[in-house]
Amino acid sequence: MSCDWLFVDGSSLIFRAFHGVPRSVRSPDGRPVNAVRGFTDTLARLVLSRRPRRLAVASDEDWRPAWRVELIPSYKAHRTAEPIPPELEPQMPLIHDVLDAIGIDFIGLADYEAEDVIATWTEKATGSVEIVSGDRDLFALIEDPRVCVLYPEKGGLAVVTEAEVTRRYGIPGRSYADYAILRGDPSDGLPGLKGVGAVAAADIIRRHGGVVGLLRDGRLPEHQRDYLARAARVVPPVRDLPVALPAGRRDSYPLDPQRLGVLTETHGLGSACDRLVLALTQVGQQP
């Protein structure tokens with residue numbers, strides 16, 4: 001079964017590719033290309049397995065937006081302590097170049113993360129949407145039956161629907177952002193409410209409907225009310241960015257054969273790029 005749109009969290013999958021493909025994978029002149037190779041192969045597998053009518057990749061143009069940090073100073077603080085690995089950094093622009101030559105939209109917006117771009121696209125898109133990301137923040141976008149998240153796990157991609165969110169966390173399917181705010185999330189630097197763990201967070205959501213209801217009905221000290229108000233602006237992906245919905249497909253692939261040929265020969269990426277182009281061509285022929 002195909003979907004109308006496949007939105008890919010580029011940064012999430014690029015990091016997974018970098019850590020999942022051996023560092024020994026290099027270009028003919030010795031430069032690392034393991035992330036490029038792994039990411040390209042991942043896209044090819046996704047295209048063949050999900051068979052999207054349109055595909056777009058979102059980019060993190062800001063790993064830790066200043067406006068989010070101003071509201072929650074601990075927000076994703078690990079990204080300053082653990083910067084982009086030196087061998088990955090030069091591969092990022094190469095991935096952009098390869099996708100551009102093939103004809104895959106790879107788009108970001110200054111001061112925002114990939115999750116915000118995907119959220120905005122999801123608001124603007126019509127038809128079914130599948131989102132590929134290892135970032136649980138995007139669970140906030142799940143909307144049965146139109147939007148689901150394909151979440152990488154050890155056994156492969158888990159299809160996360162509203163029912164799956166409820167099964168995992170004991171909360172209504174569209175309440176993940178509230179859950180993360182209340183419980184906290186160390187991976188995002190969210191402190192949560194003191195003394196509120198997973199069970200208590202789920203109970204609060206069931207009783208009050210979420211953060212807005214708790215602020216309205218709950219008896220909270222001022223510092224907790226302040227945290228909740230700030231976190232409610234930080235955690236949910238932004239859905240109204242000034243970014244257009246991309247074309248998502250081309251009449252034929254690759255878009256720029258000559259440029260792609262130079263890139264694949266220079267960096268030894270021929271087989272990986274061929275697989276992706278073939279996948280896009282095969283799926284593009286579906287009715």
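1. A salt bridge here is a side-chain nitrogen of Lys or Arg within 4 Å of a carboxyl oxygen of Asp or Glu. In this predicted model, D97 and R259 meet that rule, with N and O 3.2 Å apart. D97 belongs to helix 5 (residues 91–102) and R259 to helix 12 (residues 257–267), so the bridge links distant parts of the chain, 162 residues apart. Both side chains are partly exposed, D97 at 30% relative accessible area and R259 at 28%.

2. R259 also forms a salt bridge with D100, where the closest N and O atoms are 2.5 Å apart. D100 is in helix 5 too, 159 residues from R259 in helix 12. D100 is partly exposed, at 42%.

3. Another bridge joins R50 and E130, whose closest N and O atoms lie 2.8 Å apart. It connects helix 2 (residues 34–50), which holds R50, with strand 4, which holds E130, across 80 residues. R50 is partly exposed at 21% relative accessibility, whereas E130 is buried at 10%.

4. Over the whole structure, the search gives 24 salt bridges. Among the linked residues, R68, K76, E113, E115 and D116 form a network.

5. Aromatic pairs number nine. One of them is F139 with Y176: the ring centres are 5.4 Å apart and the planes stand at 70°, so the pair is edge-to-face. F139 sits in the loop between strand 4 (129–132) and strand 5 (147–153), and Y176 in helix 8 (residues 176–183), so the pair ties together parts 37 residues apart in sequence. F139 is buried at 0% relative accessibility, and Y176 is buried at 0%.

6. Ring pairs also gather F139, Y151, Y169, Y176 and Y179 into a cluster.

Conventions. Residues are numbered from 1 along each chain as its sequence is written. Side-chain values use heavy atoms; hydrogens and water are left out. Rings of Phe, Tyr and Trp (its six-membered ring) pair if their centres lie within 6.5 Å; planes under 30 degrees apart count as stacked, over 60 as edge-to-face and the rest as tilted. Helices (H or I, at least four residues) and strands (E, at least two) are DSSP runs, numbered from the N terminus. Buried means under 20% relative accessible area, exposed over 50%, partly exposed in between (1.4 Å probe, protein chains only).
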